[in-house]
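Here is a tutorial for someone who would like to learn how to read a protein model, one feature at a time.

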Amino acid sequence: MDNYQLIYDRIDETIATYNKYLLLMENEDHTSVSLAKTLGISQTNVAKKIKQMKKFGLIAGSGRRYWCTGKRVVDTPIGLYRRISKLIVEKPGIERKYQEQAEALGVPYKEIQSAWGYIHYYAHALRSEEVTSNK
């Protein structure tokens, strides 16, 4: 399987996780403790997700309470990473042609450049997993 397909799949998993958090917070504020308990995961993992979701503007909060802002995951940078990865899976020759990606996706060139930092992050995470699983 192509590396970009793996990245696309990983981004989809991340989007699904964010959507799960947003669904929980849709009707009421939550704390990291209540989210961890509801999801059955560690508070540390919840804190990491909350940090990213705040960065993307999906949730707001301070101290111990967090709530949805109404922004959708697909309208954040991670949605753009997904669109870029999908584009590359569909058109492998466009991988290093950032201007063509911007035109194909109807977004500014600078957003494409910025998104590549995160795509490289996902690629690095996948390589790290491969190394760990091969030990």
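Q: Where in the chain is confidence lowest, and where is it highest?

A: This is a predicted model, and the mean pLDDT of the chain is 86, with 93% of its residues reaching 70 or more. Confidence is lowest in helix α6 (residues 109-133), where the mean is 77, and highest in helix α5 (residues 98-105), where it is 95.

Q: How many residues does the largest nonpolar core have, and which have the most contacts inside it?

A: In soluble globular proteins, nonpolar side chains tend to be buried together. Here the largest nonpolar core has 35 residues, and those with the most contacts inside it are I7, M53, I78, Y81, I84 and I112. Two or more residues come from each of α1, α2 (32-39), α3 (43-55), α4 (77-90), α5 and α6, and the largest share, eight residues, is given by α1. As for I84, its contacts beyond four places away in sequence are Q101, L105, I112, A115, W116 and I119.

Q: Why is R10 counted as buried?

A: R10 has a relative accessible area of 19%, and because buried means under 20%, R10 falls within that class. R10 lies in helix α1 (residues 3-25), and, leaving aside residues up to four places away in sequence, R10 touches Y122, A125, L126 and E129.

Q: In which sense do β1 and β2 pair, and over how many bridges?

A: Strand β1 (residues 59-62) and strand β2 (residues 65-68) pair in the antiparallel sense over four bridges, with G61 standing opposite Y66 in β2. The covered face of β1 holds I59 and G61, whereas A60 and S62 form the uncovered one.

Technical notes:
Residues numbered from 1 in each chain as written. Predicted model: local features only at pLDDT ≥ 70, side-chain atom pairs only at ≥ 80, totals over all residues. Heavy atoms only, no water. Buried < 20%, exposed > 50% of the residue type's maximum accessible area, 1.4 Å probe, protein only. Contact = heavy atoms within 4.5 Å. pLDDT = per-residue confidence, 0-100. Core = buried A, V, L, I, M, F, W, Y, C linked by side-chain atoms within 4.5 Å. Pairing = 2+ DSSP bridges.
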